[in-house]
Amino acid sequence: MADTKGSATLTIGNKAIDLPIHSPTVGPDVLDIRKLYAQGDVFTYDPGFTSTASCSSTITYIDGDKGELLYRGYPIEQLAEKSHHLEVCYLLLYGELPTAQQMVDFETRVTRHTMVHEQMHYFFRGFRRDAHPMATMVGVVGAMSAFYHDSTDVNDPWQREVAAIRMVAKIPTIAAMAYKYSIGQPFVYPKNSLDYAGNFLHMCFAVPAEDYVVDPILAKAMDRIMMLHADHEQNASTSTVRLAGSSGANPFACIAAGIACLWGPAHGGANQACLEMLREIGTVDRIPEFIARAKDKNDPFRLMGFGHRVYKNFDPRAKVMKESADEVLGLLGIHDNETLKVAKELERIALEDPYFVEKKLYPNVDFYSGIILEAMGFPTSMFTPIFALSRAVGWIAQWKEMIGDPELKIGRPRQLYTGAPRRDYSEVEER
Ligand code: SDX
């Protein structure tokens, strides 16, 4: 737990309650209200947890005003330029960048776990052919606890470690299988000779009928997308994983819960929704119509890929993603991409519009990612599964941190009850 620096006094009626103040490494101080109900007989009320820290963590830090994102203290821009996803996985899981030997050992362990139990192939067949890959991912990842019993005891540190390696290693295989199943093509086994991102592309795009050579441009872009999505403090899906894990549920069930939460269009589903929105806008001249709808209180439409609970400045991941979109499309010889043109013009117009400026709404990680993924050959239905496979390491790192926390308690929020007061049952004749 962070250092404590004094306290705040809350006066409720004739009661004065001292609440300790904890100081973080960086960021706002934290008011410790754990004793509030016992001493003051009141709850706090914070739907959506806009001002509430659910835990202490050493993994990721976001400064929303500055538009800063740090993985274990390292700026995302530096990692995106100099690191690679598997090295970031090591950093998020173990807290430090690996030595050359540690990286070799980690990569060997992950590579040796990329295959899934052969019987899992049959598990997919229970889904309708046209099932959304996120639906199959939720089901199959949850089913991992039926196949890997020897890494489900959350109280055994070694089993927690094995579960983490298995999750990082197998989630790209499962995502690729979900994709292959959705397009009616045979599953492609992982190849140990390929790196993490290249292996995923190979499992998605190779077919038995011909050789598939991984394009290094696409592999680098895929790896960067994975790094940018790897972790993000206590977002909705990570909080879901932590809440599920706080009951002692096995890690695979917790990650499946995180995948389910990520699917929502307000969260990880926004990358699919954003590209579909850009396609619906179609051309630059239709942008004002959609900006007007986004500002209209009576219209539920929102600019997908815009706005963020924490970032009130540019999402640093969106900046890297925008540069990557230009680079990847250029290298692929895609020079006249209407969707990218619409996205850039939409960003320019929105950022000059008082509505977006006053509400501090900027493009987020989902605004440009779909353009790159579409250029790489993925259908929109694979955008959120790719977000999920990228975030799996963040989820499992946060889960491990929580389970290892001596202050771990089951998550059990209270409520502001506004329902009926106590009343007696009325017979049907009396109603
Ligand atoms: C991710 O939490 C994370 O870290 C998530 C994530 C991660 O890496 O895990 O970063 C990934 O989920 C990114 C966000 C992807 N979602 C979208 O792009 C969907 C579109 N964005 C919005 O739905 C919204 O911005 C949220 C959900 C992202 C944030 O919502 P908040 O923090 O609850 O803010 P809000 O809904 O209270 O909005 C504040 C105001 C509102 O207007 P008022 O009621 O104050 O008048 O801004 C408006 C909103 O109507 N607003 C938007 C808008 N987003 C907010 N108006 C138009 N278009 C938008 N996109």
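Start by selecting Arg-391: one of its polar side-chain atoms lies 2.7 Å from an oxygen atom of the ligand. A polar contact here is a pair of N or O atoms within 3.5 Å. This is a predicted model, in which local features need pLDDT of at least 70 and side-chain atom pairs count only at pLDDT 80 or more, while totals for chains, interfaces and linings use all residues. Residues are numbered from 1 along each chain as its sequence is written, and side-chain values use heavy atoms, with hydrogens and water left out.

Next, select Arg-317, where a side-chain N or O atom is 2.6 Å from a ligand oxygen. Then go to Gly-305, which places a backbone N or O atom 2.8 Å from an oxygen of the ligand. Now show the ligand surface: taken alone the ligand exposes 1,100 Å², and the protein buries 77% of that (Shrake-Rupley method, 1.4 Å probe).

Three strands (DSSP E runs of at least two residues) form an open, antiparallel sheet in the order S1-S2-S3. Its edge strands, S1 (3–12) and S3 (30–31), each pair on one side only; pairing requires at least two DSSP bridges between two strands. Select S2, residues 15–23, which eight bridges join to S1.

Methods
Polar contact = N/O pair within 3.5 Å; in protein donor to acceptor, adjacent residues only side chain to side chain. Helix = DSSP H or I, 4+ residues; strand = E, 2+ residues; numbered from the N terminus.
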